[in-house]
Structure formats: C-alpha cells, structure tokens
Amino acid sequence: MSDNRRYGYLRCSSCKEKWESSHVYVKEGTKKVEFGQECKKCNIVCFPYHVEPIQCSLCGQTGCDCQKERHIDPAKAHRADLCMRCRAGLFCDKRN
Ligand SMILES: [Zn+2]
Ligand SMILES: [Zn+2]
Ligand SMILES: [Zn+2]
C-alpha cells in the first residue's frame, strides 16, 4: 500500500453532498492532496476537508470497528470515473 494514501472526507462546495474516500493521495512528504474527486451530481472537482491515515491510529488495522466514523472499506474498489487520480491514468485500484 502506498505511503501517500489517506482516508479523506469530502464535501461538494456546490450541493453540500458529503462522501468519503479511502483513495486520497498526498504529495510525497507533504499533507497536500494531489487529486480531487468529482461530485457525482455537480461534476465539479472537490478536495477533502479532512484527511487521516488509512490505518487506524488505535489498532493499526484498516476497516476495523474502532473507525466508526468511516463508511468506506479500504479494500473495496472505488468510483474511478469520479476520481481525478484514476482519470490521470494512475488507477487507484490497480493490483500488480
Ligand atoms: Zn455537488
Ligand atoms: Zn482500530
Ligand atoms: Zn482513483
């Protein structure tokens, strides 16, 4: 798993729709999120308002019960069509 990967909470600046993504990536050695994701209603690119490590700070696992705030399983595929990173050809879910 990439060291740059984070869990992000996003909110559309237009319709205020909220969503979460386990495929948020920051620039190496920084906290700057490199790729936004599109709101599925508005088709505008949004960036996370909150980003945290993919792994649980309590138990070191991912997708554990400690993470009650989270609704996305990091092991599951995501909406590549709404992800600027996937669209840039850096497919988040590519496994090899
Ligand atoms: Zn929207
Ligand atoms: Zn945990
Ligand atoms: Zn992606």
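G8 sits across from V51, which belongs to β5. This is a predicted model, where local features need pLDDT of at least 70 and side-chain atom pairs count only at pLDDT 80 or more, while totals for chains, interfaces and linings use all residues. Residues are numbered from 1 along each chain as its sequence is written, with chains lettered from A and ligands numbered from 1 in the order in which they are written. Helices (H or I, at least four residues) and strands (E, at least two) are DSSP runs, numbered from the N terminus.

**The sheet as a whole**
- Three strands make up an open sheet, ordered β2-β1-β5 and paired antiparallel.
- At its edges are β2 (18-25) and β5 (48-53), each of which pairs on one side only.
- On average, neighbouring strands here are turned by 25° against each other, direction ignored (axes are lines fitted to C-alpha atoms, for helices over the stretch in contact, and angles run from 0 to 180 degrees between N-to-C directions).
- Two strands count as paired if DSSP finds at least two bridges between them.
- As a general point, strands of a sheet pair through backbone hydrogen bonds, either parallel or antiparallel.

**β1 with β5**
- β1 covers residues 5-11 and pairs with β5 over five bridges, in the antiparallel sense.

**β1 with β2**
- β1 and β2 run antiparallel, joined by six bridges.
- L10 has W19 of β2 as its bridge partner, and R5 faces Y25 in β2.
- The two strands form a hairpin with six residues between them, and K16 in the turn has a positive phi of about 70°.

**Over at D93**
- D93 lies in the segment that follows α1 (84-87).
- Is D93 buried or exposed? D93 is exposed, because 12 other C-beta atoms lie within 10 Å (buried means 20 or more other C-beta atoms within 10 Å, exposed 12 or fewer, partly exposed in between, with C-beta atoms placed from the backbone).
- Leaving out residues up to four places away in sequence, D93 touches A77, H78 and A80 (contact means C-beta atoms, placed from the backbone, within 7 Å).
- From C-alpha to C-alpha, D93 and C12 are 23 Å apart in space, and they are 81 residues apart in sequence.

Terms used. Contact = placed C-beta atoms within 7 Å.
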